[in-house]
Amino acid sequence: MRYTFSKDEKLTKKEHFDALFAGSKGVKAFPFSLRYIEIEEGSRGNVQRQVAVVVPKRGLKLAVDRNRVKRQMRELYRLHKDKIYQSGVMEAWSIRYLGNRLNDYAFLEQGYLKLIEAYNEQRKKELEQGDS
């Protein structure tokens, strides 16, 4: 697996954004929340999921702080995407930062790994229930 965050992996379709915030499943592990939906296979190469990184202005007022956290979140996704459960279907993700201040990278990484662990457990349960 290549540890990249390519253009094909970025969530850009407005329909997918709307669907994510209308009716999606999610997990939380401070300081992140993850919302996801299954989407149809598109012409986006062979990527498993498309990801949007969200840092609300309500939490961090300064744009430089929001941009820094977004950059760190993209880096966390890029480095740890091999730990994410491969469900075999195309997914759209929205990873949202819940904190209201800057945190060091180690703290963010710890929270992100908890988030991935919670997602993996939930996704495996969903797929087992769908099979039975």
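Trainee: Which residues does Asn103 touch, not counting residues up to four places away in sequence?
Mentor: This is a predicted model. Asn103 sits in the loop between strand 4 and helix 3. Leaving out residues up to four places away in sequence, Asn103 touches Gln72, Tyr97 and Leu108.

Trainee: Is Asn103 buried or exposed?
Mentor: The cut-off for buried is under 20% relative accessible area. Asn103 has 12% relative accessibility, so Asn103 counts as buried.

Trainee: What is the length of the polar contact between the side chains of Asn103 and Tyr97?
Mentor: Asn103 has a side-chain polar contact with Arg101 at 3.5 Å. The side chains of Asn103 and Tyr97 are also joined by a polar contact, at 2.9 Å.

Trainee: Where is Phe30 found?
Mentor: Exposed means over 50% relative accessible area. Phe30 has 53%, so Phe30 is exposed. Its place is the loop between strand 1 and strand 2.

Trainee: How many residues apart are Lys81 and Glu9?
Mentor: Their side chains meet in a salt bridge at 3.1 Å, N to O. Lys81 is buried at 6% relative accessibility. Glu9 is buried too, at 6%. Lys81 lies in the loop between helix 2 and strand 4, Glu9 lies in the segment before helix 1 (14-22), and the separation is 72 residues.

Trainee: How far apart are the closest N and O atoms of Glu75 and Arg78?
Mentor: Both residues lie in helix 2, 3 residues apart, about one turn of the helix. Glu75 counts as partly exposed at 30% relative accessibility. Arg78 counts as partly exposed at 23%. They form a salt bridge, with the closest N and O atoms apart by 2.9 Å.

Trainee: Which residues make up the network of salt bridges that share partners?
Mentor: Start with Arg123 and Glu91, whose side chains meet at 2.7 Å, N to O. Arg123 is in helix 3 and Glu91 in strand 4, so this pair ties together parts 32 residues apart in sequence. Arg123 counts as buried at 1% relative accessibility. Salt bridges with shared partners make one network of Glu38, Glu91, Arg123 and Glu126.

Terms used:
Residues are numbered from 1 along each chain as its sequence is written. This is a predicted model: local features need pLDDT of at least 70, side-chain atom pairs count only at pLDDT 80 or more; totals for chains, interfaces and linings use all residues. Side-chain values use heavy atoms; hydrogens and water are left out. Helices (H or I, at least four residues) and strands (E, at least two) are DSSP runs, numbered from the N terminus. Buried means under 20% relative accessible area, exposed over 50%, partly exposed in between (1.4 Å probe, protein chains only). A polar contact is a pair of N or O atoms within 3.5 Å; within protein, one must be able to donate a hydrogen and the other to accept it, and residues adjacent in sequence count only if both atoms are side-chain atoms. Contact means heavy atoms within 4.5 Å. A salt bridge is a side-chain nitrogen of Lys or Arg within 4 Å of a carboxyl oxygen of Asp or Glu.
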